[in-house]
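Work through the exercises below with the sequence and model open. Try each task before reading its solution.

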Amino acid sequence: MAIAVTTRIRAKLLYVLLILCVFGCYVPVFAGGAEPNKPEDLFEMSIEQLMEVEVVSASRQAQKISELSVPVSVISAEDIHYSGLTSIPEILQFAPGVDVIKLSRDRYAVGVRGLHDLISDRTLTLINGRSADSPLFGGSEFYRYPLLLEDIERIEVVRGPGGAAWGANAFTGVINIITKKPEDVLGGFVSTNIDEFGDSYTHLRYAEKDGKWRWRTSAGYSDYGSSDDAGAGRYVSGKPTLTGNPLLGIGFNNFSARDYFRSFVFSGEAFYNYSENTVISFGTDYSHNVLGSYEFLGYYPSGNGWHETVRSYVKLDHQFDDGSSGYLQWSGNFANSWVPCLMKWFTMQNDIEGQYNFKVGDSHDVSVGGNFRFIRIGTEASNPSHLMYSGEPYDEQLAGMFLIDRWHATNRLTFESQIRGDWYSETQKDWSTRLSALYALDEEKYHTLRFSFAKAYRSPLANLRETSTNRISLAGMGFPGFWAINAMEPSNEFDNEETWALEAGYTGKLTDSLTLRADSYYQRFAKLIGYRIIPDPLPLGRTFYQPDNIDGADSWGVETELAWERKNARVSAWYAYNDFQEYMSHQMIRSYAPAQHKVGLTGRLFLDDGWTLNANYRYTGTTPVVGDTMIFDVGASHRLDLSVAKKFAEGRGEVMVGVSDVFNKTNGPNFGIGEVTAHETPGRTFFVAMNFRF
């Protein structure tokens with residue numbers, strides 16, 4: 001394949017070569033020194049060790065995968081690294097039951113078992129157990145998180161309601177991103193990734209351990225051109241009928257894609273061992289993003305947008321002499337943004353949280369805790385087409401308490417109960433629960449059955465409760481002051497959305513190298529919030545939307561995963577059947593339903609002399625939009641990613657070449673909810689990545 005080398009690509013190739021030269025000079029210097037710290041690779045573990053891997057997202061405490069009360073998939077640092085990808089949503093699509101739609105080069109719709117859109121807050125996203133979602137919009141805004149991929153230890157994906165452990169809006173699932181500790185990445189590290197379009201992703205890190213101190217600091221920069229620059233970007237409009245309004249669905253085909261973005265990230269974290277039983281940790285992360293504008297509800301202004309995000313925390317962990325433990329922490333999530341098609345806004349979120357873990361007798365492990373959250377939101381709209389918020393700025397408060405009890409009734413039988421109550425100043429009090437029974441079929445606990453009941457809820461945030469906007473002026477048709485699209489504030493107070501789930505699962509070691517996990521569920525939804533279409537009181541063909549609790553839905557499915565592990569190879573295959581049926585025909589719930597059929601296959605082979613081969617495949621069936629008459633379903637797709645890596649300089653350096661999305665030259669166009677236009681995004685992409693440890 002011939003690739004035209006543009007000025008932009010040449011400049012970035014020179015930049016990569018400079019990094020190679022500078023750090024290549026340092027490799028021999030460190031070759032005779034101490035070995036750099038090397039975290040344990042999963043391919044070096046036995047099946048027994050893999051089943052002993054501990055996760056924290058199921059019940060806020062470290063638990064073995066075979067003992068979880070809810071299905072959890074783990075994406076390891078190794079999975080992230082050998083994928084060669086530079087986007088968290090693209091990595092998440094290789095996890096069972098996760099739905100991912102690429103809307104543009106920087107914006108994705110991500111959801112566990114569907115109900116996903118860019119700002120659909122039914123899947124809760126955490127970073128190290130701390131909320132990462134926007135308190136204004138909700139949703140998983142991965143493009144603005146101050147995270148660097150090589151700093152991630154693992155991503156835990158909880159499939160099913162997680163409100164009893166994490167509170168409001170852990171509705172269909174939880175995505176918890178866990179970062180690496182300084183002691184696991186001691187020394188220096190530099191990596192860079194460049195693709196055939198000249199897009200780049202660079203990461204620098206240094207970590208050290210000295211006496212009672214451990215610390216890490218990281219910085220990174222990424223630069224991605226628009227879909228047009230990458231040979232895609234064809235624009236299309238939504239359905240031309242569009243509730244009978246001929247203005248919508250025409251006039252956008254000549255627009256160009258402006259989905260370029262640049263991002264700078266800084267991340268720092270430190271741990272201080274105050275005593276043998278007490279650790280104080282603190283950290284601050286910062287990101288600054290510049291991105292091109294996009295269309296929303298027919299409004300597509302020119303100019304760039306930007307986001308600034310600061311995340312900080314201070315935490316005190318203590319281990320008591322009687323074996324109990326606990327922590328107390330403050331965390332802050334602060335953001336300042338300007339998006340031309342929306343408005344300018346800021347959010348300030350402060351959270352005080354504590355948890356205490358103790359035993360009751362020999363058979364009960366108990367955790368109790370709670371949090372109090374303060375939120376301040378301000379907006380600034382400079383023209384009538386921006387989102388308008390009445391009565392801002394908003395000062396909001398949330399408080400919650402939880403109790404988790406794990407009772408080992410016998411050697412084989414375990415019961416786990418989780419219950420949580422929450423109060424939100426803007427809506428109502430509510431509660432969540434998860435009740436589970438786990439039974440081991442054999443004394444070695446190689447085969448375990450799980451049965452669960454769960455209840456969770458979702459609270460509507462300010463963007464749903466307070467916003468209104470008017471789009472596409474009819475002044476050119478002789479009707480000044482009238483608009484084709486009109487989004488109205490709700491006429492009544494919202495009720496929380498609610499969900500109840502019944503689940504059954506099996507985890508088993510079939511042979512010394514083969515494991516099987518199978519999980520099934522039925523989930524009922526009530527009071528789902530969507531938009532009602534209000535008739536135009538005048539014969540102008542205008543569309544009026546008003547949010548309301550509309551109706552419920554049912555969801556059901558099964559997810560299976562088969563993994564085969566050897567010392568030098570790993571193969572896993574999974575299948576997810578996720579179905580969804582709303583009660584009301586054309587019920588608009590501001591999101592996509594899950595793709596009914598999803599299949600994944602991952603293979604990794606470690607050869608002699610430092611070679612590693614990696615392949616990731618995913619099939620996604622048609623993803624239907626729920627009730628929105630403006631946009632199209634997302635068609636079925638196949639995706640294959642391939643990479644080859646070679647270590648050198650005694651394992652301190654590595655070069656990787658690969659191609660992502662082999663089967664597709666372009667993807668889409670895929671619509672976001674509320675958008676009446678969409679454009680193609682690049683598909684097949686060749687890349688080269690290099691990294692050094694010193």
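Two strands pair if DSSP finds at least two bridges between them. Strands (E, at least two residues) and helices (H or I, at least four) are DSSP runs, numbered from the N terminus. This is a predicted model: local features need pLDDT of at least 70, side-chain atom pairs count only at pLDDT 80 or more, and totals for chains, interfaces and linings use all residues. Residues are numbered from 1 along each chain as its sequence is written, and side-chain values use heavy atoms, with hydrogens and water left out.

**Exercise 1.** Find the residue that stands opposite Leu126 in E7.

Solution. Start with strand E6 (residues 123–127): two bridges join E6 to E7, and the two run antiparallel. Ser131 in E7 stands opposite Leu126. Now place the pair in its sheet. The sheet is open, has five strands in the order E3-E8-E9-E6-E7, and its pairing is mixed. Strand E3 (72–76) and strand E7 (130–131) each have a single partner strand, so one side of each is left without a neighbour in the sheet.

**Exercise 2.** Trace the pairing from E23 through E24 to E27.

Solution. Strand E23 (residues 430–440) pairs with strand E24 (residues 447–458) over eight bridges, in the antiparallel sense. Leu435 stands opposite Phe453 in E24. Six residues lie between the strands of this hairpin, where Lys445 takes a positive phi near 60°. Next, twelve bridges join E24 to strand E27 (residues 497–511), again antiparallel. Here Ala454 has Ala501 in E27 as its bridge partner.

**Exercise 3.** Classify the aromatic pair of Phe171 and Phe525, and say what it ties together.

Solution. Rings of Phe, Tyr and Trp (its six-membered ring) pair if their centres lie within 6.5 Å; planes under 30 degrees apart count as stacked, over 60 as edge-to-face and the rest as tilted. The structure holds 16 aromatic pairs. Phe171 and Phe525 are 5.5 Å apart centre to centre, with 45° between the planes, which makes the pair tilted. Phe171 lies in the loop between helix H5 (163–166) and strand E9 (173–179) and Phe525 in strand E28 (residues 514–534), so the pair ties together parts that are 354 residues apart in sequence. Ring pairs also link Phe171, Phe525 and Phe580 into a cluster.

**Exercise 4.** Are Phe171 and Phe525 buried or exposed?

Solution. Buried means under 20% relative accessible area, exposed over 50%, partly exposed in between (1.4 Å probe, protein chains only). Phe171 has 0%, so Phe171 is buried. Phe525 has 2%, so Phe525 is buried.
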